[in-house]
Amino acid sequence: MHLAYPAVLSVLLFCTGLYGVLARRNAILVLMSVELMLNAVNLNLVAFDVWLSRAARDALHSGQALTLFTIAIAAAEIGIGLAIVLAVYRARGTSDIDKLRDTAETRPGPGDDGTEPAAPAMAEKTEAAA
Amino acid sequence: MTTTTLAVLVPLLPFLGAAAGLLLGRTAPGFVRPLAVLPTLLSTVFAVLVALRQGGGQAIDAATELTPTGSVPVELALHLDGFAVLVAVLVGVVASCVQIYSTGYLRDDPRYPSYAALISLFTSAMLLVVYSGDLIVLLVGWEIMGICSYFLVGHYWETPEARAASLKAFLVTKLGDVPFLFGLFALAADAGSFRITTVLGAVASGGLDHPTLIALLLLAGVAGKSAQFPLHTWLPDAMAGPTPVSALIHAATMVAAGVYFIARLLPVFTASAAALVVLAVMAAVTMTGSALAALAQDDIKRVLAYSTIGQLGYMTGALAVGDRGAAVFHLLSHGAFKALLFLAAGVIIHAAGTNSLAAMSRMRDLRSRVPDAYWTMTVALLALAAIPPFAGFFSKEAVLGVAEHAAAGEGAAVPASAGWIILVSGLVTALLTATYATRLWLLAFRGHGAEAPDHGRQPVVMNAVLWVLAVPSLAFGLTMGLLPDWFDGHDLTPTLTTSVLGTGLALVGGLVTYGAWRHTTALAARVPLGAVAAHPEADAGVVEAEAIASHAPAYGDVAYAPDPADPGRLLLGPLHRHAAVGFHLDAAYTALFVRPVRAAAELVRFLDREVVETYVRGAGTAPRWLGTAVRRAQTGNVQTYLSVLLAGSAVLAAVAVLVATRGA
């Protein structure tokens, strides 16, 4: 099999993941998109490992070893990520990324969207922590 | 105790008293008065003991070097000769009188503890100057006096006059002190030591390379401290301080320091004929100018201030003709009667409720309200006018006598021109001195008009001090037979020619003033004048502060009153207007120094505010604007951040690829 097939597939997967990370609103879907990107990278690693080992330039299969690492790390990452999403959902009642804007620069002046929800959100957060 | 130990204790006791007074002033108010009076009294007793033990014989020298200080050593040294011990006695006596008087004068003053402590410190500094045998130690006392005068003249700092006067006193004396410091360094560089004995030895063996330069530099400091022309302008304004402070400054400390300093280092000055002529001209201008100005003043204390300047002119005149015996003789007798004049003036101001002679001349029977001040002041004014047999006569005639000798060419190193200058100006000043003394006496005590206000008797301590000081004012001249033993041995007895001339001129001055007063006094009733203090029953210090503060609003100027009944106005004629303001010297200084300095300050302020601060503000404003711009990107939407990150990475990758391909 030519190298182009897995490479193109990997590019498609990565772009899908990237679109998901940048465009989706639901935090869980964003996490899934991150997984897609990781797996696109994994696919690349395996494909190039096969290609290089065929050319006998790399007998150690470091690509495959790295893939195993990535999978392990991805598992840990998704665990922590889902836990965070769950905690945020419990605290805020939503997992919409567009509404999680606590790091925004608060602008002085009345009728501002940034400051209004911040105070109750803080109260909810401390409640959840307790 | 050895004489040296006693002599060390003399300046040390008032210093310790001042330190204790400053520390305990708030916590233990009961100790303030004893702490002010007792150390000064005790140090006076010690000074008398030192004077008796020294006895005018061989000078006692003692020195210890605390630590090596580099090239020229600085030592804690005593040099007790006849001049030093006698001047120390004068300082002690006057300071004790002032301290005792102050306990009555500033009875209810809230700042009395710090005031008394500063007086003690002032006394201690003067005693240090008097006894010190090392020029740097002398300079320490000299500068402490400068700062003490600043604080004491500004004692009534609620009034703008006192604040301005204290600053002026400090700045003008400092203006002289800078050349003085350089003069001391030049002297030490030439003589190789700061010790007075070594310096005098070097002068005697002709070891000075630049005697004229050194003498002129030192003269600048002396002119500032001793209020000689052209640096005398601070002294009349210093009248804004309390009267006892004026008495202390004018009689014993501060102004006496300059004269005493020249007396101590006289060989340095006589080594240069040019310096002596400069000194003589300075003394002549000072004494005649100040006597004319004194005739035109309305504030009783300003009259006395100008008379101090004039009498100091006599002392520097005696030094200019190379006789320090006559100079210190006049210093001693002047110290006694000038302290008396000021302290009596304080009593009069309290009793009359005003410091204006024009207002006093419209009060009947002021003399019967203050009989002690009346009699003692009469004695002191007679001494000031040099009428025999009062103290001032003998000392002034001693000065005129040596001037006559010098004019006749009998002085060894003294130019005859200096002698003539001093002799002529001294005789003119004798006439003027008698004139303004008579005018002061007539206006203050021979007033017509409304009854003088009656505030009861003055405190006993104040009146007692006056009589104590009246004794030397009356009889100090009798010591002229003894004094040459303490001094250089020159004869101090008056010579016939100058005595007849001087006394005759003084009598003429007094009679002319009396005639003028008889002529003008009829006018006094027609022009009502006079403003008295708002709280006549208060403490003397309060009355005086109010009198000083109300003089300018009431009469238009601190020194001047539009009084046609003033005999001085008749005698001076068109000169009166100029003499009242000290011959416009203040205005000249304002135009020459104050305005350029203010303009320079304005320029510096402009440069600082408008130029330097613009850069500083710009350095702050530019990042703030930049920050505001960047802050707009901070929306809180993580996806936006990532998008920008991606776009940035894409651009970077594209650039990297482009650069790589171009390189290939």
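Two residues are in contact if their C-beta atoms, placed from the backbone, lie within 7 Å. In chain B of this predicted model, 80% of the contacts between residues at least 6 apart in sequence join residues at least 24 apart.

Residues are numbered from 1 along each chain as its sequence is written, and chains are lettered from A and ligands numbered from 1 in the order in which they are written. The model is predicted: local features need pLDDT of at least 70, side-chain atom pairs count only at pLDDT 80 or more, and totals for chains, interfaces and linings use all residues.

Chain B has 664 residues, of which 57% count as buried (20 or more other C-beta atoms within 10 Å of the residue's own, with C-beta atoms placed from the backbone). The C-alpha trace of chain B spans about 120 × 70 × 55 Å along its principal axes. Chain B holds 28 helices and four strands; these are DSSP runs, helices being H or I of at least four residues and strands E of at least two, numbered from the N terminus.

The contact between the chains takes nine residues from chain B and nine residues from chain A. On the side of chain B that touches chain A, helix 28 (residues 638-663) gives the largest share, four residues. That side of chain B divides as follows.

| Class | Residues |
|---|---|
| nonpolar (Ala, Val, Leu, Ile, Met, Phe, Trp, Tyr, Cys, Pro) | two residues |
| polar (the others, Gly among them) | six residues |
| charged (Asp, Glu, Lys, Arg) | one residue |

In an unreviewed entry, UniProt lists residues 66-89 of chain A as "transmembrane region". This span of chain A is 100% helix and 0% strand, with its end C-alpha atoms 34 Å apart.

Technical notes. A residue is buried if 20 or more other C-beta atoms lie within 10 Å of its own, exposed if 12 or fewer, and partly exposed in between; C-beta atoms are placed from the backbone. UniProt positions are given in the numbering used here, feature names are shortened, and annotations may be inferred rather than shown by experiment.
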